[in-house]
Amino acid sequence: MATPEQVQAAIQQADNLVLATHINPDGDAIGSLLGMMHILQGMGKKVFAYLEEPVSPLYRFLTGCGHIQTDLGALADFVDKAQGNILGVALDCGDRQRLGKNGPHLLQIQPFLVIDHHQGNNGFGGIAWVEPGRSSTGEMVYDLARSLGREITTEAAECLYAAITTDTGSFKYESTSAHTMQVVSDLIACGVQPAVICSNLYDNYTLGRLHLLQEVLAGLEMYHKDRIAVIRVTRNMLERTFTTMEDTEHFINLPRSVRSVRVAVFIKEADQHSVSVSMRAKGKCDVAAVAAKLGGGGHKNASGFRCHNKSIDEVRDLLVPLLQQAMA
Ligand SMILES: [Mn+2]
(Lines give C-alpha, C1' and ligand atoms only; values in the text may rest on other atoms or scores of the structure.)
Protein backbone atom coordinates (compact mmCIF):
# COMPACT_ATOMS: atom_id res chain seq x y z
CA MET A 1 0.00 0.00 0.00
CA ALA A 2 1.26 3.45 -0.96
CA THR A 3 2.09 5.98 1.76
CA PRO A 4 0.35 9.39 1.75
CA GLU A 5 3.72 10.92 0.77
CA GLN A 6 3.97 8.64 -2.30
CA VAL A 7 0.45 9.57 -3.37
CA GLN A 8 1.11 13.28 -2.90
CA ALA A 9 4.43 13.08 -4.74
CA ALA A 10 2.87 11.22 -7.68
CA ILE A 11 0.30 13.99 -8.05
CA GLN A 12 2.75 16.84 -7.58
CA GLN A 13 5.15 15.40 -10.16
CA ALA A 14 2.66 15.05 -13.01
CA ASP A 15 1.40 18.00 -15.06
CA ASN A 16 -1.05 15.82 -17.02
CA LEU A 17 -3.48 13.45 -15.36
CA VAL A 18 -5.96 10.95 -16.74
CA LEU A 19 -8.82 10.23 -14.35
CA ALA A 20 -11.01 7.15 -14.66
CA THR A 21 -13.48 5.23 -12.54
CA HIS A 22 -15.54 2.04 -12.60
CA ILE A 23 -18.12 1.16 -15.25
CA ASN A 24 -21.77 1.91 -14.42
CA PRO A 25 -20.46 4.75 -12.27
CA ASP A 26 -22.43 5.63 -9.14
CA GLY A 27 -22.48 8.91 -7.20
CA ASP A 28 -19.14 8.24 -5.52
CA ALA A 29 -17.49 7.34 -8.82
CA ILE A 30 -18.68 10.47 -10.65
CA GLY A 31 -18.45 12.76 -7.61
CA SER A 32 -14.90 11.75 -6.69
CA LEU A 33 -13.80 11.90 -10.35
CA LEU A 34 -15.17 15.41 -10.82
CA GLY A 35 -14.06 16.59 -7.37
CA MET A 36 -10.53 15.37 -8.12
CA MET A 37 -10.66 17.05 -11.55
CA HIS A 38 -11.55 20.45 -10.01
CA ILE A 39 -8.83 20.13 -7.38
CA LEU A 40 -6.16 19.21 -9.95
CA GLN A 41 -7.24 21.97 -12.31
CA GLY A 42 -6.95 24.35 -9.36
CA MET A 43 -3.29 23.22 -9.13
CA GLY A 44 -2.81 24.25 -12.77
CA LYS A 45 -2.75 20.70 -14.10
CA LYS A 46 -4.24 19.38 -17.34
CA VAL A 47 -6.88 16.76 -16.69
CA PHE A 48 -8.44 14.20 -19.00
CA ALA A 49 -11.53 12.87 -17.22
CA TYR A 50 -12.47 9.64 -18.94
CA LEU A 51 -15.68 7.61 -18.83
CA GLU A 52 -16.74 4.78 -21.11
CA GLU A 53 -20.30 6.15 -21.37
CA PRO A 54 -21.69 9.68 -21.04
CA VAL A 55 -22.64 10.76 -17.49
CA SER A 56 -26.05 9.53 -16.32
CA PRO A 57 -28.69 12.31 -16.23
CA LEU A 58 -28.85 11.69 -12.46
CA TYR A 59 -25.46 13.36 -11.98
CA ARG A 60 -25.47 15.98 -14.72
CA PHE A 61 -26.20 18.72 -12.19
CA LEU A 62 -22.60 18.43 -10.95
CA THR A 63 -20.26 21.12 -12.26
CA GLY A 64 -17.68 19.79 -14.67
CA CYS A 65 -19.71 17.00 -16.29
CA GLY A 66 -19.26 18.71 -19.64
CA HIS A 67 -15.51 18.19 -19.33
CA ILE A 68 -15.82 14.39 -19.18
CA GLN A 69 -14.72 12.65 -22.37
CA THR A 70 -15.65 9.24 -23.75
CA ASP A 71 -13.43 9.30 -26.86
CA LEU A 72 -10.52 6.86 -26.79
CA GLY A 73 -8.79 8.69 -29.66
CA ALA A 74 -8.80 11.93 -27.66
CA LEU A 75 -7.34 10.00 -24.73
CA ALA A 76 -4.49 8.68 -26.92
CA ASP A 77 -3.77 12.26 -28.13
CA PHE A 78 -3.69 13.53 -24.55
CA VAL A 79 -1.26 10.77 -23.53
CA ASP A 80 0.96 11.45 -26.59
CA LYS A 81 1.14 15.19 -25.91
CA ALA A 82 2.06 14.58 -22.26
CA GLN A 83 5.35 12.96 -23.38
CA GLY A 84 5.71 10.91 -20.25
CA ASN A 85 4.83 13.74 -17.86
CA ILE A 86 1.64 11.97 -16.88
CA LEU A 87 -0.20 10.09 -14.15
CA GLY A 88 -3.14 7.71 -14.59
CA VAL A 89 -5.62 7.65 -11.71
CA ALA A 90 -8.46 5.20 -11.08
CA LEU A 91 -10.98 6.37 -8.49
CA ASP A 92 -13.42 4.11 -6.60
CA CYS A 93 -12.48 1.09 -8.69
CA GLY A 94 -11.72 -2.14 -6.82
CA ASP A 95 -10.78 -4.30 -9.79
CA ARG A 96 -9.01 -3.70 -13.11
CA GLN A 97 -11.88 -5.47 -14.92
CA ARG A 98 -14.25 -2.82 -13.62
CA LEU A 99 -12.33 -0.11 -15.50
CA GLY A 100 -14.33 -1.35 -18.49
CA LYS A 101 -13.45 -2.47 -21.98
CA ASN A 102 -10.78 0.22 -22.33
CA GLY A 103 -9.16 -0.61 -19.01
CA PRO A 104 -6.06 -2.11 -20.69
CA HIS A 105 -5.50 1.21 -22.55
CA LEU A 106 -5.84 3.18 -19.32
CA LEU A 107 -3.46 0.88 -17.44
CA GLN A 108 -0.76 1.43 -20.07
CA ILE A 109 -0.37 4.90 -18.55
CA GLN A 110 2.59 4.85 -16.14
CA PRO A 111 2.73 5.56 -13.28
CA PHE A 112 -0.78 4.57 -12.29
CA LEU A 113 -2.44 5.56 -9.02
CA VAL A 114 -5.47 3.83 -7.48
CA ILE A 115 -7.58 5.62 -4.86
CA ASP A 116 -10.24 3.31 -3.52
CA HIS A 117 -12.17 2.03 -0.51
CA HIS A 118 -13.47 -1.35 -1.75
CA GLN A 119 -12.87 -4.22 0.64
CA GLY A 120 -12.12 -6.67 -2.15
CA ASN A 121 -9.71 -4.33 -3.96
CA ASN A 122 -7.32 -6.70 -5.70
CA GLY A 123 -4.34 -4.41 -5.77
CA PHE A 124 -3.86 -3.21 -9.33
CA GLY A 125 -1.94 -0.06 -10.24
CA GLY A 126 1.66 0.70 -9.26
CA ILE A 127 0.64 3.16 -6.52
CA ALA A 128 -2.36 1.84 -4.64
CA TRP A 129 -4.00 3.85 -1.86
CA VAL A 130 -6.80 1.61 -0.64
CA GLU A 131 -8.62 2.08 2.66
CA PRO A 132 -11.57 -0.30 3.00
CA GLY A 133 -12.77 1.40 6.20
CA ARG A 134 -13.50 4.67 4.41
CA SER A 135 -17.06 5.77 3.70
CA SER A 136 -16.32 6.72 0.13
CA THR A 137 -13.63 7.63 -2.36
CA GLY A 138 -14.98 11.20 -2.14
CA GLU A 139 -13.85 11.35 1.50
CA MET A 140 -10.35 10.18 0.50
CA VAL A 141 -10.11 12.77 -2.29
CA TYR A 142 -11.02 15.45 0.26
CA ASP A 143 -8.19 14.31 2.56
CA LEU A 144 -5.78 14.20 -0.35
CA ALA A 145 -6.69 17.77 -1.35
CA ARG A 146 -6.12 18.97 2.21
CA SER A 147 -2.81 17.10 2.50
CA LEU A 148 -1.72 18.88 -0.68
CA GLY A 149 -2.65 22.18 0.98
CA ARG A 150 -5.43 22.90 -1.52
CA GLU A 151 -8.43 25.12 -1.00
CA ILE A 152 -11.69 23.44 -1.93
CA THR A 153 -13.94 25.46 -4.21
CA THR A 154 -17.73 25.24 -3.93
CA GLU A 155 -17.85 23.25 -7.20
CA ALA A 156 -15.34 20.69 -5.94
CA ALA A 157 -17.06 20.55 -2.55
CA GLU A 158 -20.44 19.83 -4.20
CA CYS A 159 -18.97 16.93 -6.18
CA LEU A 160 -17.30 15.45 -3.09
CA TYR A 161 -20.43 15.94 -1.00
CA ALA A 162 -22.51 14.13 -3.64
CA ALA A 163 -19.92 11.31 -3.61
CA ILE A 164 -20.04 10.93 0.17
CA THR A 165 -23.78 11.31 0.63
CA THR A 166 -24.61 8.73 -2.06
CA ASP A 167 -22.02 6.16 -0.90
CA THR A 168 -23.11 6.41 2.75
CA GLY A 169 -26.82 6.15 1.88
CA SER A 170 -27.23 9.74 3.17
CA PHE A 171 -24.92 9.06 6.17
CA LYS A 172 -26.81 5.95 7.25
CA TYR A 173 -24.30 3.16 6.55
CA GLU A 174 -21.82 1.64 8.99
CA SER A 175 -18.90 3.27 7.17
CA THR A 176 -20.09 6.75 8.22
CA SER A 177 -17.44 7.83 10.74
CA ALA A 178 -16.77 10.89 12.87
CA HIS A 179 -14.18 11.80 10.25
CA THR A 180 -16.80 11.49 7.48
CA MET A 181 -18.95 14.02 9.32
CA GLN A 182 -15.98 16.35 9.85
CA VAL A 183 -15.28 16.22 6.12
CA VAL A 184 -18.93 16.90 5.32
CA SER A 185 -19.02 19.74 7.84
CA ASP A 186 -16.07 21.36 6.09
CA LEU A 187 -17.64 20.80 2.65
CA ILE A 188 -20.73 22.67 3.86
CA ALA A 189 -18.45 25.45 5.13
CA CYS A 190 -16.97 25.49 1.58
CA GLY A 191 -20.42 26.39 0.23
CA VAL A 192 -22.34 23.13 -0.26
CA GLN A 193 -26.08 23.42 0.32
CA PRO A 194 -27.11 19.91 1.40
CA ALA A 195 -30.79 20.46 0.58
CA VAL A 196 -29.93 21.50 -2.98
CA ILE A 197 -27.70 18.47 -3.58
CA CYS A 198 -30.29 16.18 -1.97
CA SER A 199 -33.06 17.58 -4.13
CA ASN A 200 -30.94 17.17 -7.28
CA LEU A 201 -30.13 13.59 -6.34
CA TYR A 202 -33.45 12.33 -4.99
CA ASP A 203 -36.34 14.58 -6.08
CA ASN A 204 -35.55 14.71 -9.74
CA TYR A 205 -36.83 11.48 -11.28
CA THR A 206 -39.05 10.82 -14.30
CA LEU A 207 -42.57 9.37 -14.10
CA GLY A 208 -41.24 6.42 -16.11
CA ARG A 209 -38.98 5.54 -13.21
CA LEU A 210 -41.97 5.33 -10.87
CA HIS A 211 -43.75 3.05 -13.33
CA LEU A 212 -40.63 0.90 -13.53
CA LEU A 213 -40.50 0.73 -9.74
CA GLN A 214 -44.14 -0.45 -9.77
CA GLU A 215 -43.19 -3.33 -12.07
CA VAL A 216 -40.03 -4.22 -10.17
CA LEU A 217 -41.82 -4.35 -6.81
CA ALA A 218 -44.61 -6.44 -8.33
CA GLY A 219 -41.93 -9.10 -8.94
CA LEU A 220 -40.71 -9.19 -5.32
CA GLU A 221 -39.86 -12.71 -4.05
CA MET A 222 -39.09 -13.63 -0.45
CA TYR A 223 -36.95 -16.56 0.78
CA HIS A 224 -35.50 -18.04 3.97
CA LYS A 225 -38.29 -16.89 6.35
CA ASP A 226 -38.43 -13.42 4.74
CA ARG A 227 -34.74 -12.85 5.41
CA ILE A 228 -33.80 -12.79 1.71
CA ALA A 229 -35.65 -10.45 -0.65
CA VAL A 230 -35.16 -10.74 -4.41
CA ILE A 231 -36.25 -8.21 -7.03
CA ARG A 232 -35.53 -8.20 -10.74
CA VAL A 233 -35.55 -5.94 -13.77
CA THR A 234 -35.74 -7.12 -17.39
CA ARG A 235 -34.96 -5.28 -20.63
CA ASN A 236 -38.63 -5.61 -21.41
CA MET A 237 -39.66 -3.66 -18.30
CA LEU A 238 -37.23 -0.89 -19.27
CA GLU A 239 -38.70 -0.71 -22.76
CA ARG A 240 -42.30 -0.61 -21.52
CA THR A 241 -41.59 2.24 -19.09
CA PHE A 242 -39.19 4.24 -21.33
CA THR A 243 -36.43 3.96 -18.75
CA THR A 244 -32.81 2.81 -18.63
CA MET A 245 -30.88 0.68 -16.16
CA GLU A 246 -29.67 3.88 -14.49
CA ASP A 247 -33.24 4.49 -13.31
CA THR A 248 -32.99 1.41 -11.07
CA GLU A 249 -30.45 3.03 -8.75
CA HIS A 250 -31.66 2.90 -5.09
CA PHE A 251 -34.45 0.38 -5.86
CA ILE A 252 -32.61 -2.23 -3.80
CA ASN A 253 -32.98 -0.10 -0.67
CA LEU A 254 -36.74 -0.77 -0.60
CA PRO A 255 -36.60 -4.55 -0.03
CA ARG A 256 -33.57 -3.95 2.21
CA SER A 257 -35.66 -1.65 4.40
CA VAL A 258 -38.04 -4.46 5.46
CA ARG A 259 -37.50 -5.40 9.14
CA SER A 260 -37.00 -9.14 8.57
CA VAL A 261 -34.70 -8.76 5.55
CA ARG A 262 -30.99 -9.50 6.10
CA VAL A 263 -30.01 -9.48 2.42
CA ALA A 264 -31.68 -7.77 -0.52
CA VAL A 265 -30.81 -9.04 -3.99
CA PHE A 266 -31.41 -7.15 -7.24
CA ILE A 267 -31.03 -9.19 -10.43
CA LYS A 268 -30.73 -7.21 -13.65
CA GLU A 269 -30.92 -8.50 -17.19
CA ALA A 270 -27.84 -6.62 -18.41
CA ASP A 271 -28.10 -7.80 -22.04
CA GLN A 272 -29.20 -10.88 -23.99
CA HIS A 273 -26.43 -13.02 -22.57
CA SER A 274 -25.63 -11.69 -19.14
CA VAL A 275 -27.25 -10.93 -15.84
CA SER A 276 -25.79 -8.61 -13.20
CA VAL A 277 -26.58 -8.96 -9.52
CA SER A 278 -26.35 -6.45 -6.66
CA MET A 279 -26.61 -7.47 -3.01
CA ARG A 280 -27.14 -5.31 0.07
CA ALA A 281 -26.87 -6.78 3.54
CA LYS A 282 -27.75 -5.67 7.05
CA GLY A 283 -25.81 -7.10 9.96
CA LYS A 284 -23.44 -10.03 9.82
CA CYS A 285 -23.94 -11.67 6.43
CA ASP A 286 -20.83 -10.96 4.33
CA VAL A 287 -22.17 -10.51 0.82
CA ALA A 288 -18.70 -9.67 -0.56
CA ALA A 289 -17.66 -13.27 0.28
CA VAL A 290 -20.77 -14.63 -1.47
CA ALA A 291 -20.13 -12.44 -4.52
CA ALA A 292 -16.48 -13.61 -4.59
CA LYS A 293 -17.68 -17.23 -4.97
CA LEU A 294 -19.45 -16.13 -8.14
CA GLY A 295 -16.60 -14.10 -9.57
CA GLY A 296 -17.62 -10.72 -8.12
CA GLY A 297 -16.66 -8.54 -5.17
CA GLY A 298 -17.47 -5.45 -3.17
CA HIS A 299 -17.96 -4.52 0.46
CA LYS A 300 -19.21 -6.72 3.32
CA ASN A 301 -22.61 -5.00 3.12
CA ALA A 302 -22.75 -4.19 -0.58
CA SER A 303 -21.47 -6.37 -3.38
CA GLY A 304 -22.20 -7.66 -6.85
CA PHE A 305 -21.29 -10.05 -9.62
CA ARG A 306 -22.11 -10.85 -13.22
CA CYS A 307 -23.25 -14.14 -14.80
CA HIS A 308 -23.10 -15.12 -18.47
CA ASN A 309 -25.51 -17.42 -20.29
CA LYS A 310 -27.82 -17.92 -17.31
CA SER A 311 -31.41 -16.75 -16.92
CA ILE A 312 -32.55 -14.58 -14.02
CA ASP A 313 -34.30 -17.59 -12.44
CA GLU A 314 -31.16 -19.73 -12.79
CA VAL A 315 -29.02 -17.08 -11.13
CA ARG A 316 -31.55 -16.75 -8.28
CA ASP A 317 -31.59 -20.52 -7.78
CA LEU A 318 -27.79 -20.51 -7.59
CA LEU A 319 -27.55 -17.55 -5.24
CA VAL A 320 -30.31 -18.07 -2.66
CA PRO A 321 -28.78 -21.29 -1.20
CA LEU A 322 -25.34 -19.61 -0.98
CA LEU A 323 -26.89 -16.72 0.95
CA GLN A 324 -28.70 -19.13 3.27
CA GLN A 325 -25.35 -20.81 4.01
CA ALA A 326 -23.68 -17.45 4.61
CA MET A 327 -26.39 -16.53 7.10
CA ALA A 328 -26.26 -19.82 9.00
MN1 LIG B 1 -17.45 4.15 -3.52
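**Exercise 1: Leucine 19 and the cores**

Set aside the neighbours within four places in sequence, and leucine 19 is in contact with Leu33, Met36, Met37, Val47, Ala49, Tyr50, Val89 and Leu91. Contact here says that two C-beta atoms, placed from the backbone, lie within 7 Å. Before going on, note that this is a predicted model: local features need pLDDT of at least 70, side-chain atom pairs count only at pLDDT 80 or more, and totals for chains, interfaces and linings use all residues. Residue numbers start from 1 along each chain as its sequence is written.

Task: find which residues have the most contacts inside the largest nonpolar core.

Solution. Start with the term: a nonpolar core is a set of buried Ala, Val, Leu, Ile, Met, Phe, Trp, Tyr and Cys residues joined through C-beta atoms within 7 Å. Buried is for 20 or more other C-beta atoms within 10 Å of a residue's own, exposed for 12 or fewer, and partly exposed for in between. The largest core has 61 residues, and Val18, Leu19 and Leu160 have the most contacts inside it. Next, look for a second, separate core: it has 30 residues, including Val230 and Phe266.

**Exercise 2: Isoleucine 231**

Task: work out why isoleucine 231 gets the label it does, buried or exposed.

Solution. First, find isoleucine 231 in strand E7, residues 228-233. Strands (E, at least two residues) and helices (H or I, at least four) are DSSP runs, numbered from the N terminus. Then count: isoleucine 231 has 23 other C-beta atoms within 10 Å, so this residue is buried. Finally, list its contacts beyond four places in sequence; among them are Val216, Leu220, Phe251 and Phe266.
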